[in-house]
Amino acid sequence: MRRAIALARPNLGQTAENPSVGCVIVRDGVVVGEGATGTGGRPHAEEIALQAAGAAARGAVAYVTLEPCGARSSGAASCARRLVEAGVTEVVVACGDPSPYADGQGLAQLSAAGLDVRLGYLAEEALVLYRDYTPPSMGSAGE
């Protein structure tokens with residue numbers, strides 16, 4: 001998780017109106033993919049990390065600094081759905097996301113799909129990333 005936090009930190013202030021998120025995917029103790037939210041808010045960190053991991057994401061653990069989105073304003077697949085479809089088996093999340101595109105939806109989708117989900121891991125360290133984050137309203141271009 002500390003690596004995910006470190007990945008998100010340099011993009012603070014460059015991902016509006018999305019927050020800067022870091023994601024690290026680990027399989028058998030080896031990092032197989034990692035990413036941070038892109039400039040302007042897209043792509044999401046999970047998308048970048050999953051693309052880097054490819055087939056190695058199956059059976060892996062994803063460490064994410066903020067709850068994966070459960071819906072996207074664009075109608076694209078949510079990060080929760082992408083993690084499920086990639087075959088990740090566990091998702092460790094530092095902080096919940098109050099955005100209307102997440103706010104428990106992402107975690108609920110992951111749990112409903114049978115993934116192990118842990119929330120709050122290194123939350124105090126990750127909260128520094130989100131102290132100025134104001135979630136978008138529904139229908140805006142946020143998630």
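Student: Is Gly 13 buried or exposed?

Tutor: Gly 13 is exposed, with a relative accessible area of 80%. Here buried means under 20% relative accessible area, exposed over 50%, and partly exposed in between (1.4 Å probe, protein chains only). This is a predicted model, in which local features need pLDDT of at least 70 and side-chain atom pairs pLDDT 80 or more, while totals for chains, interfaces and linings use all residues. Residues are numbered from 1 along each chain as its sequence is written, and side-chain values use heavy atoms, leaving out hydrogens and water.

Student: Where is Gly 13 placed?

Tutor: Gly 13 sits in the loop between helix H1 (2-8) and S1. Helices (H or I, at least four residues) and strands (E, at least two) are DSSP runs, numbered from the N terminus. Although Gly 13 and Tyr 133 are 120 residues apart along the chain, their C-alpha atoms are separated by 9.5 Å.

Student: How is the packing of two helices described?

Tutor: By the angle between their axes and the distance between the axes. Take H2 (residues 45-53) and H3 (residues 79-86): their axes come within 9 Å and cross at roughly 20°. Axes are lines fitted to C-alpha atoms, for helices over the stretch in contact, and angles run from 0 to 180 degrees between N-to-C directions. The angle therefore makes H2 roughly parallel to H3 (under 35 degrees is roughly parallel, over 145 roughly antiparallel, 65 to 115 roughly perpendicular, the rest oblique).

Student: Is the crossing of H2 and H3 left-handed or right-handed?

Tutor: The crossing of H2 and H3 is left-handed. The term applies if the near helix is turned anticlockwise from the far one by less than a right angle; clockwise gives right-handed.

Student: Which residues of H2 and H3 meet?

Tutor: Contact means heavy atoms within 4.5 Å. From H2 come Glu 46, Glu 47 and Leu 50, and they meet Cys 79, Arg 82, Leu 83 and Ala 86 of H3. By class, this contact of H2 with H3 holds 4 nonpolar, no polar and 3 charged residues. Ala, Val, Leu, Ile, Met, Phe, Trp, Tyr, Cys and Pro count as nonpolar, Asp, Glu, Lys and Arg as charged, and the others, Gly among them, as polar.

Student: Which residues of H2 are buried?

Tutor: Ala 45, Glu 46, Glu 47, Ala 49, Leu 50 and Ala 53 are the buried residues of H2. Their cover includes strand S1 (22-27), strand S2 (30-36), strand S3 (61-66) and H3. After H2 comes Gly 54, which has a positive phi near 55°.

Student: At roughly what angle do the axes of H3 and H4 cross?

Tutor: The axes of H3 and helix H4 (residues 105-112) cross at roughly 20° and come within 9 Å. That makes H3 roughly parallel to H4, and H3 passes H4 in a right-handed crossing. On the H3 side the contact is made by Ala 80, Arg 81, Leu 83 and Val 84, and on the H4 side by Gly 106, Gln 109 and Leu 110. These residues divide into 4 nonpolar, 2 polar and 1 charged.

Student: How many aromatic pairs are there?

Tutor: Rings of Phe, Tyr and Trp (its six-membered ring) pair if their centres lie within 6.5 Å; planes under 30 degrees apart are stacked, over 60 edge-to-face and the rest tilted. By this rule the count is 1 aromatic pair. Tyr 130 and Tyr 133 form an edge-to-face pair, 6.4 Å centre to centre, with 70° between the planes. Tyr 130 is buried at 8% relative accessibility, and Tyr 133 is buried at 15% relative accessible area.

Student: Is Asp 132 buried or exposed?

Tutor: Asp 132 counts as exposed, at 70% relative accessibility. Asp 132 lies in the segment after helix H5 (123-130). The C-alpha atoms of Asp 132 and Leu 12 are separated by 9.7 Å, and the two residues are 120 apart along the chain.

Student: Which residues does a cis peptide bond with omega of about -5° join?

Tutor: It joins Arg 42 and Pro 43, and Pro 43 is in the loop between S2 and H2. The peptide bond from Ala 16 to Glu 17 is also cis, with omega near 5°. Glu 17 belongs to the loop between H1 and S1.

Student: What is the phi of Asp 103?

Tutor: Phi of Asp 103 is near 40°, a positive value in a residue other than glycine. Asp 103 is in the loop between strand S4 (90-95) and H4 and is exposed, with a relative accessible area of 56%. Leu 122, not a glycine either, has a positive phi of about 55°. Leu 122 is in the loop between strand S5 (116-119) and H5.
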